[in-house]
Amino acid sequence: MKKILTVIFILLLFSQTYFAQIEDRFAALAEDNVKEYVKPFVTSLGVAMNSGAFYTASVPKFFGFSFSIRAMLILVPDDQTTFTPTFSVPGYSTNKPTATIYGDKGSAYAGPNGYITTPPGINTTSLPMGYPQISASLLGTEVMLRYLPKISIAEDSELDMFGIGVKHNISQYIPLFPIDLAVQFLYNRVTVTNLIELKNTAFNAHVSKTFGIITPYFGLQYESTSMDLDYTINGDATSGDPELQADREVKASVDGDNAFRAVIGASLKLAVIVLNADVNLSSQTVISGGLTFEF
Amino acid sequence: MKKYILHNLLFVFAAIAVFTYLSCDKFDTFPLNIPMSVEIISQGSNSPIVESEVFCLNNDQEFQEYRDKMKKVTFIEAAWRTKAVSANLQGNITLSLRDGNGNLLFTKTLPGADPAAYKAPNQPYVLTLSANEIQLINTYLEQVFSQGNQSFCFQATATITATSGSTPYLVDGFVDVVFEAETQF
C-alpha cells in the first residue's frame with residue numbers, strides 16, 4: 001500500500017522526469033522572474049493541499065475513524081499562464097509576455113547585451129492531484145493526518161509530506177441548532193530536499209445538513225501558501241542578463257495567490273462508504289472528489 | 001468485506017494513476033530557446049567594407065547538452081547591435097545570412113544611416129524576416145537535422161557602406177540569433 005501511494009504521489013508531482021525538467025526550467029531564471037514563473041504552481045499546491053478537508057460538518061460525539069482517498073482537478077485560469085518578466089539590465093523591452101510554469105513557449109528579449117531568453121511552461125490549464133488521509137474523532141473533535149515518509153526521488157533529493165487538521169463541531173453547544181457547524185484548522189508541508197519546501201495553512205468554517213443518505217455542505221476558508229525554492233542557475237555565458245551568465249545557487253521565497261475560497265458540495269453515505277464531490281471557488285477553481293471509509 | 005474495500009481502493013488508485021499518466025505528456029517536450037551571438041568587426045578605409053563570420057549552433061554549450069534529445073530546431077528571431085563605431089561614421093549596414101552550403105537565406109539593410117543608433121544603451125535592431133525567409137532557414141536546419149549532420153553552421157556578413165566620417169572606418173557589432181530546439185524527454 002505504501003508503495004502504491006508513493007508511486008501515485010511521485011508520478012503526480014515529482015517523478016524524476018518532472019523533477020529534472022522543473023529544475024531545468026528554474027535554472028534559466030533569476031530570482032525575480034522565477035517567483036512569477038512558479039507562483040501559479042505554488043497556488044495550485046496550496047489549493048490542492050487545502051482541499052478535501054471536509055465533506056460534512058458533523059463530527060461523531062464519541063469515537064470515529066475514517067480513511068480517505070482525495071482526488072481533484074485544478075483548473076488554472078488563462079491569466080496565470082503568462083507573466084511579464086523584469087530584467088536587472090537596462091535597455092530590455094519586456095513588451096511581450098512569457099510563459100509561467102503552466103504556459104506554452106518561452107520568449108526571447110533583444111537588448112544591448114544580446115538576447116535574454118525565458119523557459120517554456122508545460123502548456124496545461126488543468127492539473128490533477130490526489131493524496132490519502134486518515135481522520136480520527138473523539139467527543140466532537142476530529143484530527144486529520146496526511147503523511148508520506150521520506151522517499152528518494154533523485155540524487156540527493158527526497159520527498160516527504162505531512163499534513164494535519166483539527167476540526168471541532170460548534171453546533172453541539174447550541175441546542176436545537178438546525179444544521180451542523182464546524183471550524184477547522186489545517187497545516188500542510190511538502191518538502192523536496194535541495195529544491196522546495198512548501199507550507200500552507202488554512203482556517204475554515206463549514207456547515208452541513210443531512211437528508212437521509214445525502215449531506216449537502218458549504219464552507220468558507222481563509223488560507224495561505226508559501227514555498228521556499230532552492231535551485232542552481234545553469235550559467236550561460238551568451239545570456240544578455242549578467243545574473244544568468246554563471247552558475248550560482250539561488251534561494252527564493254514565493255507566496256501563492258491563496259486567500260479565500262468558498263466550497264460547495266454534497267456527500268452520499270452508503271453504509272461505511274462515503275462518496276463526496278465539491279467545487280472550490282478560489283484563484284484557481286478546484287473540482288474535488290473523495291472516497292471515504294468511515295467507521 | 002475486506003476484499004470489497006481493497007477492490008474499491010485499487011480502482012481509485014488506478015483511476016488516479018491513469019489520470020496522472022495522461023497528464024505526463026505535458027512534461028515530455030521542452031521547447032528550449034538557444035541564443036547565440038556572433039561578433040563581426042568591419043574596418044578599412046575603402047567603402048564598402050565587407051566582413052563575414054561563421055558561427056555554428058553545435059558549438060553552443062546548451063545545444064551540445066541537449067543535442068541527443070532534440071527532435072527539431074527552428075529559427076525564432078535575429079537582431080543587430082553595434083558594439084563600437086568610429087567617430088562620426090554615417091552609413092548603411094547590410095546584413096546577410098548564408099547557410100553552411102553558401103546559399104543565401106536573407107539580406108537586410110538596417111534603417112537609418114547611423115550605426116551608433118544601435119549601440120548600448122539603445123535597443124538593438126530586430127530584423128523583420130518574411131515568412132519565406134524564415135522558411136528557408138528552417139528548411140536548412142531540418143535538412144541538417146535529418147541527415148544527422150552535427151554541423152549547424154551559418155555565415156553572417158556585414159556590409160558597411162560609409163557615406164561620411166573619417167577613415168579608417170570601423171563598425172564592430174553583433175548578430176544575435178535565437179533558435180528554438182524541440183527537446184524530447
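Predicted model: local features only at pLDDT ≥ 70, side-chain atom pairs only at ≥ 80, totals over all residues.
Colleague: Where should I begin with the charged pairs, and how many salt bridges does the structure hold over all chains?

Modeller: A salt bridge is read from the distance between a side-chain nitrogen of Lys or Arg and a carboxyl oxygen of Asp or Glu, with a cut-off of 4 Å. Over all chains there are 10 salt bridges, one of which brings the side chains of E180(B) and K105(A) together at 3.3 Å, N to O. This pair joins two chains, because E180(B) lies in strand β8 of chain B, whereas K105(A) lies in the loop between β3 and β4 of chain A.

Colleague: Are E180(B) and K105(A) buried or partly exposed?

Modeller: Burial is judged by relative accessible area, and under 20% counts as buried. E180(B), at 6%, is therefore buried, while K105(A), at 45%, is partly exposed.

Colleague: Which residue meets R81(B) in a salt bridge?

Modeller: The side chain of R81(B) meets that of D176(B) at 2.5 Å, N to O. This pair links distant parts of the chain, since R81(B) is in strand β3 of chain B and D176(B) is in strand β8 of chain B, 95 residues apart. R81(B) is buried at 9% relative accessibility, and D176(B) is buried with a relative accessible area of 1%.

Colleague: What does the side chain of Q284(A) make polar contacts with?

Modeller: For a buried polar side chain, one looks for its partners. Q284(A), in the loop between β14 and β15 of chain A, is buried, with a relative accessible area of 0%. Its side chain makes a polar contact of 2.7 Å with the side chain of S44(A), and another polar contact, of 2.6 Å, joins it to the side chain of Q80(A). Beyond its neighbours within four places in sequence, Q284(A) is also in contact with residues including P40(A), V47(A), I74(A) and Y102(A).

Colleague: How do strands β4 and β5 of chain B run, and how many bridges join them?

Modeller: For a strand pair, one reads the direction and then the turn. These strands run antiparallel and are joined by 5 bridges, with L97(B) opposite F106(B). They form a hairpin with 4 residues between them, and G102(B) in the turn has a positive phi of about 90°.

Technical notes
Residues numbered from 1 in each chain as written. Chains lettered and ligands numbered in written order. Heavy atoms only, no water. Buried < 20%, exposed > 50% of the residue type's maximum accessible area, 1.4 Å probe, protein only. Polar contact = N/O pair within 3.5 Å; in protein donor to acceptor, adjacent residues only side chain to side chain. Contact = heavy atoms within 4.5 Å. Pairing = 2+ DSSP bridges.
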